Amino acid sequence: MDWRAVISLLVLLSLAVATALPRSSQDTEDKSSIGQRFSQLQEDNFKAIALVMFAQYVQGGTFGQAVRMAAEVTALAKRCAAAATRDNLDCQKPLDRIFLDTICQEENLPRVANCCARKDPDRNDCFLSLKNSSRGSIAPFERPNAEAACRNHSQHPQASTGHFIYEVSRRHPFLSAPAILSAALRHQEMMQSCCGSAEEPAASPEECFRRQVPKVVKPVKEDGLRQEHTCGILQKFGERTFQALKLVQISQKFPKAAFAAVQKLVLDITAMYKDCCQGDMLACMHHREEILHYVCTNQDNLSSKIKKCCEKPLLQRGECLVNVENDARPAELSPQVREFIEDKGICERFAQEKDTHLARFLYEYSRRHPEFSAQMLLRIGKGYEELLKECCRAGAPDNCCSRGEEELKKHIYETETVMKTSCDIYREKGDYYFQNELLVSFTKKMPQLTSAELIKFTKQMTTIGSKCCQLSQDKLLPCAEENLDLVLGEICRRHQLEPINPGVCHCCSSSYSFRRPCMGKLDTDESYVPLPLTPGLFTFHEELCTTEEEKLQHMKQEMLINLIKYKPQLRQEQLSSITAAFTAMREQCCTEEQRQACFTREGPELIQRSEKLLSA
């Protein structure tokens, strides 16, 4: 298989073909047969997408098994595309059933027997439940040995790219095929750049790989997390919340778009994610391309900012539109939406068409406020809904709705104050000490997390501070809260896999838009049983004298976490005293010739003094 041809064909795949694709293999009318899909996509494209799907469905399968299954289903598709065999019963099966049948007929695949014993649609749900994108389920990407990688690429360029597609797909089982194939293009460009050719080999491939691998892998990880995060919102909080979120985001991005156009995009994007999140990759791609076609053929009515995106190749177009800046707010828009409070007919409209009325409020408010985060706008929408429920009941006072404006101002002030205070602390303390503040807070809230998890999540939050706190006030809230939402989503997915505690459970389950304020209000987990003081809990050794600042900071953060887990009620003044005593001990021991002997002598004394301090 010529993988370069596969990827190039997908880039150039006609939008006219895309709009001819049926919506889903599960539609009851006008189903798309495997033969039709093969004819529309052509052989190389069909086989590439099949490889992605098999690697995502059976993450523990080998590359050879994935290639063999992709070849088998492509051969069937090719036969079914021929006029003489279109009426064959195998050719009339829904695509998802054909793919799952192929998996269940393949020998020696891990963890499939239980799912294969079930009947559809339970069988598909079972396979989807096996998809695991958590770290550790598959070994992370490693920088390739330069010599071996270049030799393999030179001798087997097609297999090299195919193997990369397989490895990315099984590590990111929810990632869309276009995102994976875009990564394959970057991988191929890296191989060509770092390896050169047989006639002109590159000068230092090892150094080239060191620089280039992160550029290939990082976008894949980010796309995978974003996809999983979005699917998590849809699956956990349902279509109504998901559609409200998309309504806000589209209204902010396309403020001049009519309400009807925004509604259409919301419904189309929801339908796309329902298929994408279920793993129906072909239907997912169809929806995506149909949405791109609609946006780019109606750009004059949607946004002045998307022209360059619509001129890009198909694979790059979607990513460009997602990241494009918000269009300018139309000059004729009034600064406020008082008609939703003062109009005498609001209660009647709320009673007759509740969701449409609330959607119109969200649309009008969001297009006027690009400086607010999507999550904050959803909270404002929820507040408006609660206001109408109270003020539209019989016996409510005439001025009931007027208090909504005061509540709104209060919430906006509280949210902006939280973000401003966090940024003030970040600017004052810098990355390391700001992360330490977060570590103390989150270890108390979630002591069940491992040290590695706590360090990872607080590091991500610190990165958000460095990214967002330098922005102007009108950009701060969207940057901070929307990026923080990704981290909190990852924490909540971790909770789903292995419950953390009742407080986290409540915040992750009760309300999507209030998830961040809920997490912020969590206090020390009272249900947690502190770690006992064992000889191995605090160990001091000469590695603490390292001159590698990052390594030293990591060791100190691990000790800080253990200290909090040992004494969750630790007060700030106690922590400051213990930190000062530790710093003095480290400075003393690192200047002595017998460093380890010093730590062995002074360490237990430090623990004993700290114990007295903590029990005071």
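Student: Is C392 buried, exposed or partly exposed?
Tutor: This is a predicted model. The relative accessible area of C392 is 26%. Buried means under 20% and exposed means over 50%. The value falls in between, so C392 is partly exposed.

Student: Which residue forms a disulfide with C347, and how far apart are the sulfur atoms?
Tutor: A pair counts as a disulfide when the sulfur atoms lie within 2.5 Å. C347 passes that test with C392, at a sulfur distance of 2.1 Å.

Student: What handedness does the link of C347 and C392 have?
Tutor: Look at the torsion about the S-S bond, which is -85°. That makes the link of C347 and C392 left-handed.

Student: How many residues apart in sequence are the parts that C347 and C392 tie together?
Tutor: C347 sits in helix 20, residues 346-352. C392 sits in the loop between helix 22 (374-391) and helix 23 (403-445). The pair therefore ties together parts whose separation in sequence is 45 residues.

Student: What is the relative accessible area of C347?
Tutor: C347 is partly exposed. Its relative accessible area is 28%.

Student: Which cysteine has the nearest sulfur to that of C401?
Tutor: C401 is in no disulfide. The nearest cysteine sulfur is 4.1 Å away, and the cut-off is 2.5 Å. That sulfur belongs to C391.

Student: Is C401 buried or exposed?
Tutor: The relative accessible area of C401 is 11%. Buried means under 20%, so C401 is buried.

Student: What is the relative accessible area of C505?
Tutor: C505 falls in the partly exposed class. The value is 33%.

Student: How many disulfides does the count come to?
Tutor: The rule takes pairs of cysteine sulfur atoms within 2.5 Å. By this rule the total is 17 disulfides.

Student: Which residue forms a disulfide with C150?
Tutor: The sulfur atoms of this pair are 2.1 Å apart. The torsion about the S-S bond is -80°, and the link is left-handed. The partner of C150 is C195.

Student: Which helices hold C150 and C195?
Tutor: The pair links distant parts of the chain, 45 residues apart. Both C150 and C195 are buried. C150 lies in helix 10 (residues 146-155) and C195 in helix 12 (residues 177-195).

Student: Why is the disulfide of C194 and C208 assigned its handedness?
Tutor: A disulfide joins C194 to C208, with the sulfur atoms 2.0 Å apart. It is left-handed because the torsion about the S-S bond is about -70°.

Student: How many residues apart are C194 and C208?
Tutor: C194 and C208 are joined by a disulfide. C194 is in helix 12, and C208 is in helix 13, residues 205-253. The separation is 14 residues.

Student: How far apart do the C-alpha centres of domain 1 and domain 2 lie?
Tutor: Domain 1 covers 34-134 + 144-208, and domain 2 covers 426-521. Their C-alpha centres are separated by 35 Å.

Student: Which members of the largest nonpolar core touch the most other members?
Tutor: This core holds 115 residues. The residues with the most such contacts are V295, I491, M519 and F540.

Student: What is the volume of the second largest cavity?
Tutor: Its lining is Q375, E481, L484, D485, L488, Y512 and R516. Helix 25 (residues 473-497) gives the largest share, four residues. The volume is about 30 Å³.

Student: Which element gives the largest share of the lining of the second largest pocket?
Tutor: This pocket has a volume of about 1300 Å³. It is lined by 50 residues, and F434, N436, E437, L438 and V440 lie nearest its centre. The largest share is 17 residues, from helix 23.

Technical notes: Residues are numbered from 1 along each chain as its sequence is written. This is a predicted model: local features need pLDDT of at least 70, side-chain atom pairs count only at pLDDT 80 or more; totals for chains, interfaces and linings use all residues. Side-chain values use heavy atoms; hydrogens and water are left out. Helices (H or I, at least four residues) and strands (E, at least two) are DSSP runs, numbered from the N terminus. Buried means under 20% relative accessible area, exposed over 50%, partly exposed in between (1.4 Å probe, protein chains only). Domain bounds come from an automatic or database domain assignment. A nonpolar core is a set of buried Ala, Val, Leu, Ile, Met, Phe, Trp, Tyr and Cys residues joined through side-chain atoms within 4.5 Å. On a 1 Å grid over the protein atoms alone, a cavity is a set of points where a 1.4 Å probe fits but cannot get out, and a pocket is an open set with protein on both sides within 12 Å along at least five of seven lines; lining residues have an atom within 4 Å of a point. Grid points are joined across faces, edges and corners, and a volume is the space filled by probe spheres set on the points.
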